[in-house]
Amino acid sequence: QLHGATAGYYKFQRYRMGHAMEEIQKQIANIVSELMPQLCALSDEIFDYAEPGYEEYRSSAALTKWLRAHDFEVTIPYAGLDTAFCAVYRHKGGRAAGGRAVGFLGEYDALRGQGHGCAHHMQTPAMIGAAMALRGVLESSDQPFEIHVIGTPSEESLDGGKNEMAAHGGFDHIDVAFMVHGSTLTQLETPSLALIEMDVEFHGKTAHAGIAPYAGRSAVDAVTMLQTGLGLMRNHLKDSSRVSNIVLAGGTAVNSVPDFAKVKVEIRHSSMAYLESVEQWTREIAQAAAMATQTQVQITPVAHIYNTTINDAMGALLMECAEKFACDGIAPPRKDCGSTDFGAVTHRLPSCCLRVKTIETDDPPHTDAWVKTGKEARAHQGIYDGAVCCALAAFRLVTDEASWQDVYQCFLAHQKEN
C-alpha cells in the first residue's frame, strides 16, 4: 500500500499516462480519417478485381504501388509466393536497435465464382491504415521500431497461403502480428480447428461382376471398409473432433468389379498434436481396408492446417481499443470457428485477429449478401475501425513494456500447452 507523497506521485503518473493515451488515440483517429478516401478506393479496387487465391496479381500490385509511394521498402514475390509481399518501414535502426517489429497482415483473395464474399478486400487497406497511423504517432520519437505490412494470399484455398509463407520464414522477422476480418459484429475469434486432409486411393483388379466376380478385387469394397472404420473410430474421438469424407471415384460400370476408387478424407480437432494421432489412426484404417479386400492403397497428404491459439491478453487489448473508439456491434467472441491458415502464425508469435463489423445484416460470409454490400458505407467503416484499433493496440505494445510482457507471456503459456 502506498501513502503520502509516493501515492500522489503514482496517481499523477497514471493521470499523465491516461492523458497521453487520449492524445495518441486522437492522433490515430485523425491520421486514419485523412487516409480514408484512399483506403476505401484501394478496397473497392481490390473488390472489383475479385481475384481467386494465388492469382491476386492486380490486387497485390495495387497495394504495393501505394506502399512504395509512401516510403515502404517492398519485396514481391515474397516467402515463396508470387502474389505475397512484405512492405517495411524502419525507424531509428528498428529491430536491430532493440525496437519491436510489428506485423500487419492482410488477405485479398476472392472466392472463385462468387467474388469477395468474405470481405478480404478490406483487410489490407485497413492494415495499411493501421501501419500509417502507428508510423505517424511514433516517427518523431527516439523509439526504434519496425512496421511490416505483409500481404498473405489465398486464405480460401485448402493449403492456405500463410502455411507456405511460414515454411519459408515469412513471419520470422516480426515480433507480433495483427489482422482484421469482416464480420456481422465487432468481436474476437474462438480457437479454430486444426485440419488434416488426405486423398486415399484403392487399386484392385477388374473382372466381370456376373461371370467371374471371384477373379476381381473391388476397390469400392475397400471404400466401404474405410468408411465403416472411420465411423467406428469417430465414436472414440475427443470432443471437437470432426471426420468427413467424400467419394471422388468409385467405378463406372455396375457389371464390372471396380479396380479403382478414390476418397478424400478430412479430419479436424482443436489441437494439432491430438489430430496427428487421429491421422495415424485414419491411415491404419485405410491400410486395414486394403488388407481386408486384397487391394492396394495409396495415401496422399493434401492439407495440414494448424489450429489457431487465442492470445487472451492481446485480444483484451484489441477489444479495449474497440471500446475506446466506440466501434459498432461489440460482442463476445464468436463461436464455432472452422479452420484457417492464420493458425500457422499464432503458433509462431503473439498474434490476434479482430473481427470488425462490415455488414448490417446477419447473413453469414460466403453469401451473395456480402458481395452486394462489399463497397457500401458499412464495409468502409470496417476499414476505419480495424485500422484505428490495431494501431492503438500496436502503439501500446511498442511503447509499454508491461503490456508487451502480458501478451508475450500469454503466447509462451499457449506454446507450453501445445
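Leaving aside neighbours within four places in sequence, which residues is Phe104 in contact with? The legends below start from the whole chain and answer this in the second view.

**Figure 1. Overview of the predicted protein chain.** The model is predicted, with local features needing pLDDT of at least 70 and side-chain atom pairs counting only at pLDDT 80 or more, while totals for chains, interfaces and linings use all residues. Residues are numbered from 1 along each chain as its sequence is written, and side-chain values use heavy atoms, with hydrogens and water left out. The protein chain holds eleven helices and eleven strands, taken as DSSP runs numbered from the N terminus (helices H or I, at least four residues; strands E, at least two). Its C-alpha trace spans about 95 × 55 × 40 Å along the principal axes. Of its 418 residues, 54% count as buried; buried means under 20% relative accessible area, exposed over 50%, and partly exposed in between (1.4 Å probe, protein chains only). Among contacts in the chain with a separation of 6 or more, residues 24 or more positions apart account for 80%, where contact means heavy atoms within 4.5 Å.

**Figure 2. Phe104 in the largest nonpolar core.** A nonpolar core is a set of buried Ala, Val, Leu, Ile, Met, Phe, Trp, Tyr and Cys residues joined through side-chain atoms within 4.5 Å. The largest one has 70 residues, of which Ile28, Phe104 and Phe178 touch the most other members. Helix α10 (residues 377-399) gives the most to this core, with 13 residues. Apart from this core lies another, of 26 residues, including Ala194, Leu230, Val243 and Val278. Leaving aside its neighbours within four places in sequence, Phe104 is in contact with Met127, Ala130, Ala131, Leu134, Ile147, His148, Val149, Ile150, Phe178, Cys390 and Ala394.

**Figure 3. The crossing of α10 and α11.** The axes of α10 and helix α11 (residues 401-417) come within 5 Å and cross at roughly 100°. Axes are lines fitted to C-alpha atoms, for helices over the stretch in contact, and angles run from 0 to 180 degrees between N-to-C directions. α10 is therefore roughly perpendicular to α11; angles of 65 to 115 degrees count as roughly perpendicular, under 35 as roughly parallel, over 145 as roughly antiparallel and the rest as oblique. On the α10 side the contact is made by Arg396, Leu397 and Thr399, and on the α11 side by Glu401, Ser403, Trp404 and Val407. By class, this contact has three nonpolar, two polar and two charged residues (Ala, Val, Leu, Ile, Met, Phe, Trp, Tyr, Cys and Pro count as nonpolar, Asp, Glu, Lys and Arg as charged, and the others, Gly among them, as polar).

**Figure 4. Helix α5 against helix α6.** The axes of α5 (residues 219-234) and α6 (residues 272-293) come within 8 Å and cross at roughly 145°. From α5, Asp221, Ala222, Met225, Leu226, Gly229, Leu230 and Met233 meet Val278, Trp281, Thr282, Ile285, Ala286, Ala289, Ala292 and Thr293 of α6. By class, the contact has eleven nonpolar, three polar and one charged residues.

Figure 5. Val176 is buried, with a relative accessible area of 0%. Neighbours within four places in sequence aside, Val176 is in contact with Ala101, Val102, Gly103, Met314, Leu349, Pro350, Leu397 and Trp404. Val176 and Glu320 are 144 residues apart along the chain, and their C-alpha atoms are separated by 18 Å.

**Figure 6. Val74 in strand β1, and the loop that holds Pro77.** Val74 belongs to strand β1 (residues 73-75) and counts as buried at 18% relative accessibility. Outside the four places on either side in sequence, Val74 is in contact with Thr64, Leu67, Arg68, Cys86 and Ala87. Pro77 is found in the loop between β1 and β2 (85-91). The peptide bond from Ile76 to Pro77 is cis, with omega near -5°.

**Figure 7. Positive phi at Ala50 and Gln294.** Ala50 is not a glycine, yet has a positive phi of about 45°. Ala50 is found in the loop between α1 (4-49) and α2 (57-69) and counts as partly exposed at 27% relative accessibility. Gln294, likewise a residue other than glycine, has phi near 55°. Gln294 lies in the loop between α6 and β10 (296-305) and counts as exposed at 55% relative accessibility.
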